[in-house]
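Take a moment with the sequence and the fold. Then read on, with the model open beside you.

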Amino acid sequence: MVITIAHSKGGVGKSLLAWHLAIALGVPIIDLDFQRTLVYTNNLREANGRKKLKIIQPETPEDFIKFMDDWPEGKNIIIDVGGFDSNLNRAAIYISDVIITPAVDRVTEMAGLYKFHQIIEELSQKMKTDIKAKILLNDVSPSAKDFTVMEELVKSLSHFELMKSIVAHRADFYKSMEEGAGITELGDSKAKDEIKKLIKEIKVKG
Ligand SMILES: Nc1ncnc2c1ncn2[C@@H]1O[C@H](COP(=O)(O)OP(=O)(O)OP(=O)(O)O)[C@@H](O)[C@H]1O
Ligand SMILES: [Mg+2]
């Protein structure tokens, strides 16, 4: 299963989620983010005595397509897309089995989601297919309960569906990355439970 974490907006938690999911599932990451956030985290991982995660970094859309053509069908992989629009990012969205779009539950974030929806609409028309992205509320306040604004927005956009899983703002997520660990490698925490629930919802086996 090819799981792509994508949003054309930056700083919504794509790389953070890609990292924790890849470690939880024990699968490689394709890093399409030119900031190379996860390569840095992976170096910290090695420095802390853990086995490095496999990170693949294709330079061009052609390299990427070639890699994916050779990737065995049914084998799991995570793609971390950069927070911008590009042909490479669109190719990743098109070839993936599951698209997860982290979104922050703030009115100011809505414009970004519209923009991403427009990109998916264009891509769907061009490729003559109906691409769906799963919107994952991420980095929300741990005490937040009312998500009606986001629920209404997602309902009104045909290429989106809202995930049941929610990932809250939790320091454990970035603290574990500071030592190159995945949250599921550490002791019990709410953050760990959220990643496990997310994996269950995507129905992917590690
Ligand atoms: N659930 C969360 N809890 C705590 N911090 C979070 C959470 N999600 C994201 N963050 C923090 O928000 C910042 C942005 O996250 P991240 O780098 O993963 O975003 P991104 O979407 O990959 O950005 P870009 O598009 O620039 O690649 C980071 O500092 C990250 O630690
Ligand atoms: Mg990123």
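By class, how many residues in the shell around ligand 1 are nonpolar, polar and charged? The shell has 5 nonpolar, 10 polar and 4 charged residues. Ala, Val, Leu, Ile, Met, Phe, Trp, Tyr, Cys and Pro count as nonpolar, Asp, Glu, Lys and Arg as charged, and the others, Gly among them, as polar.

This is a predicted model: local features need pLDDT of at least 70, side-chain atom pairs count only at pLDDT 80 or more, and totals for chains, interfaces and linings use all residues. Residues are numbered from 1 along each chain as its sequence is written, while chains are lettered from A and ligands numbered from 1 in the order in which they are written.

Stay with ligand 1. Of the 19 residues around it, G10, G13, K14, S15 and G83 come nearest (a residue is near if its C-beta atom, placed from the backbone, lies within 6 Å). Helix α1 (14–25) gives the most to the shell, with 3 residues. Helices (H or I, at least four residues) and strands (E, at least two) are DSSP runs, numbered from the N terminus.

Now the sheet. Its 7 strands form an open sheet in the order β3-β2-β4-β1-β5-β6-β7, with parallel pairing. Strands pair if DSSP finds at least two bridges between them. β3 (55–56) and β7 (160–168) stand at the edges with a single partner strand each, so one side of each is left without a neighbour in the sheet. Further in, β1 (residues 2–5) and β5 (residues 98–103) pair over 3 bridges. I5 has I100 in β5 as its bridge partner.
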